[in-house]
Amino acid sequence: MSTLPTNSSGSADAVSASAGAATSETVANGTTPRKKRGIPEGLWLRCPSCRNAIFRKDADKRSKICPECGYHFYVSAPERLEQILDSGTFEEWDANLLPTDPLSFADKKAYADRLKAEQKRTKMTDACVTGGGMIRARRVAIGITDSAFIMGSMGSVVGERLARMIERAGEQNLPLIIVSGSGGGARMHEGILSLMQMAKVSAALARYHSKGGLFISVLTNPTMGGVAASFASLGDVIFAEPEALIGFAGPRTVKATIRLELPEGFQTSEFLLEHGFIDRIVPREGLKSEIARVIDYCGK
Amino acid sequence: MDALPPGLAFEEPIIELEEQIRQLESADDAQSGKNVTKIRKLRKELADKTKEVYDNLSPWEMVQVARHKNRPHTPDYLSLCFEEFMELHGDRRFGDDRAILTGFAKIGAHKVMAIGHDKGKTYQERTACSFGCAHPEGYRKALLKMKMAEKYQIPIICFIDTPGAYPGIGAEERGISQAIAENLFEMSQVKTPIICVVIGEGGSGGAIGIGVGDRVAMLQNSYYSVISPEGCAGILWKSHKYAEQAAGALKFTADELLKFGVIDHIIEEPLGGAHRDPHLAANRLRNFFLEELKALGQVPLEQLLEERYEKFRKIGVFLEQAGESQNG
């Protein structure tokens, strides 16, 4: 999913083609290539950032952070829940919502088959998990989008689970946490329905907000396209893990449009912090405690 | 006759007939109508041919119509649908994005806030407005004017016509994601009626950034998609060349969107597309606005907002398995 269109025809077409690609594409960083997510099995693993061989247990002990350079490895939704919530407090909501294939979409592979394959591979039913749990004995609503499932992209199920969770958080006056990991943005395979989930989830957040709810948005590598351009950017407080790729248009699309080298660190957490779009960069090990502190400050 | 862009080959027989008629007509000027019967026959043939071609447009061909260089753009409709338009510039933060126009307008007995993408016609215009790809300041300008409309209880009309939001360094630096997200968030609660209509290209986030409304309509030959067919082909087929297949797979035509419950209404275009008769297209658009303004004006505000929420809330297709949920 990382090959991007480049268009060498007239400038108008180049803009239209690559601009259109903006929301849904997924990309490796144009300047510093990003590595495949997932840690290979085995005792040792290679850090894609510092290239050191790392004893797996050392990284695991540090919430999957490279002990040498601080690189944040991919973590799955279940692992993330374990890291953030008090042990054994998670109860999943809306697990009974399952994706279908409303467009009968097929590219090289039929979407229906892709779904089955992804479900089997990731053991998830779709790209997000939502539910209730405790953080330092405070009850919260929490949603995680997992970039392993069709690039963490948002289709109908992701949108519906998030919207239901937000509504429930509003009814029960719970603080709300969404950890985003989505290179895919709005899911192409469900077409316009995916695009509309952006409006649906944002509208649910607007209602939650007007009830005084506290929403903490955590951005992880990568958070792009339609996910970045909806709920992920709407937190009362927005955290990002270090060096995550965060942006709207994929770096290759931007590069193809402007035909210039991208600046160093373009669309990283640090870039967003510098430009004023996130509150704090929070290394993973500190995430739980910082979330707890914000909830405490806001009296939730 | 100019050479047709590759995707518009289906228009060839239509343009040929149009040309024949034009030639006969100009010959007739001098010779007092001796070709009248012939012209009448050709006109009939033209109408039939146009209908045949346009009734059978493939999704990819529809994209070409939506992008047609002569297709009416927002400024055309601003002057053809409204009695007057008073442009209001600027987002009060960074600049004035020419890719989105905003301002007061009058239509019948109504005052409205008109907002719409502009793609430009001449090369200079097209460059000035980035081919209709808005930067964050465009979305922020739109929101600012919507807030103003809310304050003075003026309904809002949005014309959507963009390939997508601008993919550039400045757009990212100034928070294009945040700007679109904020519009989705705010538009869901703006306390005045909002009517949105896709008049050409409804390009993903850039389109929905001014696309949350009480009524969402599309002109018959426009498209509204999560991603451009080229973009989709590039990612899923790994090559641009499959844009036509992607166009079919994405199900982004007005008919499909009506079926999915994403839009409420399709506005029929003049025979052969809006570019063949912009006045008629504008007239139909105007009638649609007048009807909807009247209808929405009678809905109490609280109900309006509730219905707007529900309208988007219920969009999505999924399977809900019984008896397995443990909802807290």
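**Exercise 1.** Classify B:Arg284 by its relative accessibility of 28%: buried, partly exposed or exposed?

*Solution.* Recall the cut-offs: buried is under 20% relative accessible area, exposed is over 50%, and partly exposed lies in between (1.4 Å probe, protein chains only). At 28%, B:Arg284 therefore counts as partly exposed. Then list its contacts (heavy atoms within 4.5 Å). Leaving out residues up to four places away in sequence, B:Arg284 touches B:Ile267, B:Glu268, B:Glu269 and B:Pro270.

The model is predicted: local features need pLDDT of at least 70, side-chain atom pairs pLDDT 80 or more, while totals for chains, interfaces and linings use all residues. Residues are numbered from 1 along each chain, chains are lettered from A in the order written, and side-chain values use heavy atoms, without hydrogens and water.

**Exercise 2.** Describe how helix α6 (residues 191–210) of chain A and helix α8 (residues 176–187) of chain B cross.

*Solution.* Start with geometry: the axes come within 7 Å and cross at roughly 65°. That makes α6(A) roughly perpendicular to α8(B) (65 to 115 degrees). Now the residues: α6(A) contributes A:Met198, A:Ala199, A:Ser202, A:Leu205, A:Ala206 and A:His209, and α8(B) contributes B:Ile180, B:Ala181, B:Leu184 and B:Phe185.

**Exercise 3.** Which residues of helix α3 (residues 77–84) of chain A are buried, and where do they lie around the axis?

*Solution.* The buried residues are A:Ala77, A:Arg80, A:Leu81 and A:Ile84. They cover an arc of only 100° around the axis, so they lie on the same side of α3(A). Their packing partners in chain A include β5 (128–135) and α10 (284–297).

Key
Axes fitted to C-alpha atoms, helices over the stretch in contact; angles between N-to-C directions. Helix = DSSP H or I, 4+ residues; strand = E, 2+ residues; numbered from the N terminus. Parallel < 35°, antiparallel > 145°, perpendicular 65-115°, else oblique. Arc of directions from axis to C-beta.
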